[in-house]
Amino acid sequence: MKLPAFEYKSPASVGEAIEILAAHDGGAKAIAGGQSLIPIMAFRLASPSVLVDLSGIPGLVGITIGEADISIGAMVRWRELEEHELLRSACPLIAAAVGHIAHYQIRNRGTIGGSLAHADPAAEMPGVAVTCDAQIEIVGKTGSRRVAARDFFVGPLTTCLAHDELITAIHLPPWPVNRRWAFEEFAQRRGDFAFAGVALHYDERSDGTIEDAHIGVIGVTPAPRRLAPVEQILNGKRLNDNLVAEAAAAASAAVEPQDDIHASAAYRRALVGTLVERALISSAKRGRAS
Amino acid sequence: MKLRFDVNGQAREADVAPRTTLCDFLRDHLGLTGTHAGCEHGVCGACTVIVDGCAVRSCLLLAVQANGASIVTVEGLADGDELSPLQEAFRQHHALQCGFCTPGMLTTLHALLSDEPTADEERIRDVLSGNLCRCTGYIPIVEAALEAREHYAKKQGSKAG
């Protein structure tokens, strides 16, 4: 369980980091918090020849909450997201999801950019990013680009990030005041990767009907994604027991989970329905201020 | 690589290979074997140490990543031969049996209670979910943590005053 040998670089700027990554043609790997990469290396699932430590680069940290944009630096650690009071009121779904990520010690080190780049299909933050229509800001040799989260995650542990590109920030649209939300997941033990999880939000019109439903799932699809059939069922209707049941059944039908040693596909399919049900019920009590 | 740390209040310097984890560095280079290497992939919590005030898994942190940091290990909790209030509470409540997980339990709780001396039982249990114990069970550990809280609250109170 000792790590393979590698060269360590600690660049002082994004440009310098990209140069190092580009010079090694895929052999170099960026390390942010390292909470996924180090165990992967310990298991020899990856043996990069060079590690590029991003922690000395200014400009990748900080949370900015503006009128038109919530911006979170790639090196922002889970703990900061959990403790940021303004963010909690601007986008409460984030702190709720972060509470499910691994454990206390790991949340002190792990970063949002690292989690997005790692792209575990059961990870919470990629699911929140897709659900909330986040944009991921990426810098490469030719400049910066923004990619919608739904296009960024390609499959299990696979993103559209090139080997010589870095995530520098994640951007989220601000929330209207009438938005309701919930995050629900089920894991066998506290802090484990979830069998399945659901992040959702919708806006409640003054007549009580649902508008602009976003229903995202993790752990039951190759990459996190929104469930359009469920959103269509919810939009324009009032939340009641029948609607919740209909949405839950549609969610179960909309995913393609796999059998594995932890749970069968049928179990996971049923679980997604249950989580959508729980999330919709709890969302009725969760506004932006609560 | 040449690295410098403050470990338990002492300045330490060392020359280590980049692949050395902080856990191995503390144990093999500094001889601080109180930090236990358990699973070595971030699951068990036995290797928890406090880096710049935050509890972290030292098997998931390279020594080079902690360069310049202030580190507290389980050896840094007691005052000479005198146990810290948290350690004394562990003793009173029989919160350890084989002791393998104990360094990680103590460092995790020390970091938590230094930050949050009023942490309730639910919070303590949530935080300890990252530390596995295979013999004592968690009940006496949680009881010890609950009892130790007042010492941390007093410490924080006196700092504020």
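In the predicted model, helix H11 of chain A packs against helix H12 of chain A through a defined set of residues: A:Val244, A:Ala247, A:Ala248, A:Ala249, A:Ala251 and A:Ser252 in H11(A) meet A:Arg269, A:Ala270, A:Val272, A:Gly273, A:Thr274, A:Val276, A:Glu277, A:Leu280 and A:Ile281 in H12(A). By class, the residues of this contact comprise ten nonpolar, three polar and two charged. Two packed helices are described by the angle between their axes and the distance between the axes. For H11(A), which spans residues 241-254, and H12(A), which spans residues 265-283, the axes come within 8 Å and cross at roughly 145°. The crossing of H11(A) and H12(A) is right-handed.

Three residues of this helix contact, A:Ala251, A:Val272 and A:Val276, also belong to the largest nonpolar core, which has 140 residues. Together with A:Leu93 and A:Val230, A:Ala251, A:Val272 and A:Val276 are the residues with the most contacts inside that core. When neighbours within four places in sequence are left aside, A:Leu93 is in contact with A:Val128, A:Cys132, A:Trp181, A:Phe183, A:Ala199 and A:His201.

Between the chains, the contact draws 24 residues from chain A and 22 residues from chain B. On the side of chain B that touches chain A, strand E4 (54-57) and helix H4 (121-128) of chain B are the elements that give two or more residues. E4(B) provides the largest share of that side, with four residues. The residues on the side of chain B that touches chain A divide into ten nonpolar, eight polar and four charged.

Conventions: Residues are numbered from 1 along each chain as its sequence is written. Chains are lettered from A and ligands numbered from 1 in the order in which they are written. This is a predicted model: local features need pLDDT of at least 70, side-chain atom pairs count only at pLDDT 80 or more; totals for chains, interfaces and linings use all residues. Axes are lines fitted to C-alpha atoms, for helices over the stretch in contact, and angles run from 0 to 180 degrees between N-to-C directions. A crossing is left-handed if the near helix is turned anticlockwise from the far one by less than a right angle, and right-handed if clockwise. Two residues are in contact if their C-beta atoms, placed from the backbone, lie within 7 Å. Ala, Val, Leu, Ile, Met, Phe, Trp, Tyr, Cys and Pro count as nonpolar, Asp, Glu, Lys and Arg as charged, and the others, Gly among them, as polar. A nonpolar core is a set of buried Ala, Val, Leu, Ile, Met, Phe, Trp, Tyr and Cys residues joined through C-beta atoms within 7 Å. A residue is buried if 20 or more other C-beta atoms lie within 10 Å of its own, exposed if 12 or fewer, and partly exposed in between; C-beta atoms are placed from the backbone.
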